Amino acid sequence: MQKNVTNMKIGERTFQVAESAYVMGILNVTPDSFSDGGKFISTESALRQAEKMVDEGADIIDVGGESTRPGYQKISDEEEIQRTAHIIELIKTRFDIPVSIDTYKGKVALAALQAGADLVNDIWGLKYDRNLAKVIAEAGVPCCLMHNREQAVYYNFMEDVKSDLRESLEIAGEAGIAQDKIILDPGVGFGKTYEHNLQIIYKLKELKTFGCPVLLGASRKSVVGIALDLPVEERLEGTLAITVLGVMAGCAFVRVHDVLANKRAIQMAEAVREGWKG
């Protein structure tokens, strides 16, 4: 077991990751994201959404320029940079909030960091572009490393997930990224079946053995849609249920579309979790 990270500085803010859960608001500046594709592709609409999330209590804004929904089409580094870097710069200029870049590409991450991004959120856990680890280490910023696989084939699901995450941590360590700058994401909806997604949500506490804060991203995803038999625009309640489970399991961050509702759910869950002690 690694030493538990208790505090993490992201941008100018220090997060008490051992005590509280924080909201990462999703800002997809893409035309084809599964939930809100095309809504925030203009600068004006993206900034309005960023302002709305700040007003609703977001703790971090996560900017993504390439959809990673099932069957997504990869775009060039240049197009992804064009979509994200300017928006990040404007958000950092107008709002006092940490910003993360949702990318698995070193070149895109570097441009985002130069534009003011404070954190790199990589859906491939540093395994897609090995240069990304170097970019993160040299910038000295935190990163979120997600579990992912090309195919949902496992021998022992939870043990295999933990083994994959150890590989990501080893890559990070070899590049010089300190443990207290790493967040782990179980990767709900990535390289997993419906049953796998339910299992990893139920067993989130097992990931705490790494000592790193955990980010849970299940907002509006298919695991909710399948469980409730609902379209993407009707998955808020299911998302809130998973958020509460995440808080009870000790997750430090939830990555969500609906900031205010999830913020309130976290507040209630934390009141129950802490209140019974007194």
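Reader: Two strands pair if DSSP finds at least two bridges between them. With that settled, which residue in S5 stands opposite valine 63?

Author: In this predicted model, isoleucine 101 of S5 stands opposite valine 63. The strands concerned, S4 and S5 (residues 99-102), pair in the parallel sense, with four bridges between them.

Reader: Is S4 buried or exposed?

Author: Five of the five residues of S4 (residues 60-64) are buried, so the strand is largely enclosed by the rest of the structure. Ile60, Asp62 and Gly64 point one way, whereas Ile61 and Val63 point the other way, and all are buried.

Reader: What is the strand order of the whole sheet?

Author: The open sheet has eight strands in the order S8-S7-S6-S5-S4-S3-S10-S9, with parallel pairing. Strands S8 (182-185) and S9 (215-216) stand at the edges; each has a single partner strand, so one side of each lacks a neighbour in the sheet.

Reader: How many bridges join S3 to S10?

Author: Four bridges join S3 (residues 22-28) to S10 (residues 253-256), and the two run parallel. Within this pairing, valine 256 in S10 is the bridge partner of glycine 25.

Reader: Where does asparagine 121 sit, and is it buried or exposed?

Author: Asparagine 121 belongs to strand S6 (residues 119-122). Its relative accessibility is 4%, so it counts as buried, the cut-off for that being under 20%.

Reader: With which side chain does asparagine 121 make a polar contact?

Author: Its side chain makes a polar contact with the side chain of aspartate 62, at 3.2 Å. Leaving out residues up to four places away in sequence, asparagine 121 touches Asp62 and also Met24, Ile101, Asp102, Thr103, Cys144 and Arg255.

Reader: What about asparagine 262: which helix holds it?

Author: Asparagine 262 is in helix H9 (residues 259-275). At 0% relative accessibility it also counts as buried. Beyond its neighbours within four places in sequence, asparagine 262 is in contact with Leu236, Thr239, Leu240, Thr243 and Val256.

Reader: On to the nonpolar part. How many residues are in the largest nonpolar core?

Author: The largest nonpolar core has 69 residues, and Leu27, Ile91, Leu126 and Ile182 have the most contacts inside it. Helix H5 (residues 157-175) gives the most to this core, namely seven residues. Another core, of 14 residues, lies apart from it, including Val5, Val17, Leu119 and Leu215.

Reader: Which residues are in contact with leucine 126?

Author: Setting aside neighbours within four places in sequence, leucine 126 is in contact with Leu132, Ala133, Ile136, Leu145, Ser168, Ile171, Ala172 and Ile177. As a general background, nonpolar side chains in soluble globular proteins tend to be buried together.

Reader: One last item, alanine 46. Where is its place, and what separates its C-alpha atom from that of histidine 196?

Author: Alanine 46 is in helix H1 (residues 43-55), and it counts as buried because its relative accessibility is 0%. The C-alpha atoms of alanine 46 and histidine 196 are separated by 33 Å, the two residues being 150 residues apart along the chain.

Notes: Residues are numbered from 1 along each chain as its sequence is written. This is a predicted model: local features need pLDDT of at least 70, side-chain atom pairs count only at pLDDT 80 or more; totals for chains, interfaces and linings use all residues. Side-chain values use heavy atoms; hydrogens and water are left out. A nonpolar core is a set of buried Ala, Val, Leu, Ile, Met, Phe, Trp, Tyr and Cys residues joined through side-chain atoms within 4.5 Å. Buried means under 20% relative accessible area, exposed over 50%, partly exposed in between (1.4 Å probe, protein chains only). Contact means heavy atoms within 4.5 Å. A polar contact is a pair of N or O atoms within 3.5 Å; within protein, one must be able to donate a hydrogen and the other to accept it, and residues adjacent in sequence count only if both atoms are side-chain atoms.
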